[in-house]
Amino acid sequence: FDTRHNVLRSMPLPNLDRVTREGLIDYFDNSWTLYELLFAGLNSEEYFFRPPVHGLRHPQMFYYGHTPCLYVNKLLLAGMLPGPVNEYYESIFEVGVDEMVWDDYHKHDMVWP
């Protein structure tokens, strides 16, 4: 947090050759806070679940869950988690953000958490 200007700013990318555990946690916390702020503007649950008017993308709920799912998948891959956190959530949020033909047909039928 930039106390001089009273704003939250993104931290610079950590140098992976010399980053500390504390530095990585600080970077994650900063990134996650900024991410949460993006979705704070959706002032009703309706806006999380309503499909976009153009029908070309997922509802915002998908994008809200996609990033945490990426973190979970990477932690699983690194052996830092013993198993899935929530297999159903991971299955619906792990698909790519870019639309695929196989994904186009059912994206608005999804049962979102």
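Biologist: In what order do the elements of the protein chain run from the N terminus on?

Modeller: The elements run α-α-α-α-α. The protein chain has five helices and zero strands; helices (H or I, at least four residues) and strands (E, at least two) are DSSP runs, numbered from the N terminus. This is a predicted model, in which local features need pLDDT of at least 70, side-chain atom pairs count only at pLDDT 80 or more, and totals for chains, interfaces and linings use all residues. Residues are numbered from 1 along each chain as its sequence is written, and side-chain values use heavy atoms, with hydrogens and water left out.

Biologist: What makes the meeting of the side chains of Arg 50 and Glu 46 a salt bridge?

Modeller: The distance from N to O is 3.2 Å. A salt bridge requires a side-chain nitrogen of Lys or Arg within 4 Å of a carboxyl oxygen of Asp or Glu, so this pair qualifies. The structure holds one salt bridge.

Biologist: Why does Arg 50 count as partly exposed?

Modeller: Arg 50 has 41% relative accessibility. Buried means under 20% relative accessible area and exposed over 50%, with partly exposed in between (1.4 Å probe, protein chains only); Arg 50 therefore falls in the middle class.

Biologist: What share of the 113 residues of the protein chain counts as buried?

Modeller: The share is 19%. Glu 90, which has its place in helix 4 (residues 87-93), is also buried.

Biologist: How do you know that Glu 90 has no salt bridge?

Modeller: The nearest side chain of opposite charge, Lys 74, is 13 Å away; Lys and Arg count as positive, Asp and Glu as negative, while His and the chain ends are not counted.

Biologist: Which residues lie nearest the centre of the largest pocket?

Modeller: They are Leu 24, Tyr 27, Phe 28, Tyr 71 and Leu 75, out of 16 lining residues. Helix 1 (21-40) and helix 3 (60-77) are the elements that give two or more residues to this lining. A pocket is an open set of 1 Å grid points, for a 1.4 Å probe, with protein on both sides within 12 Å along at least five of seven lines; lining residues have an atom within 4 Å of a point. The largest share of the lining, seven residues, comes from helix 1.
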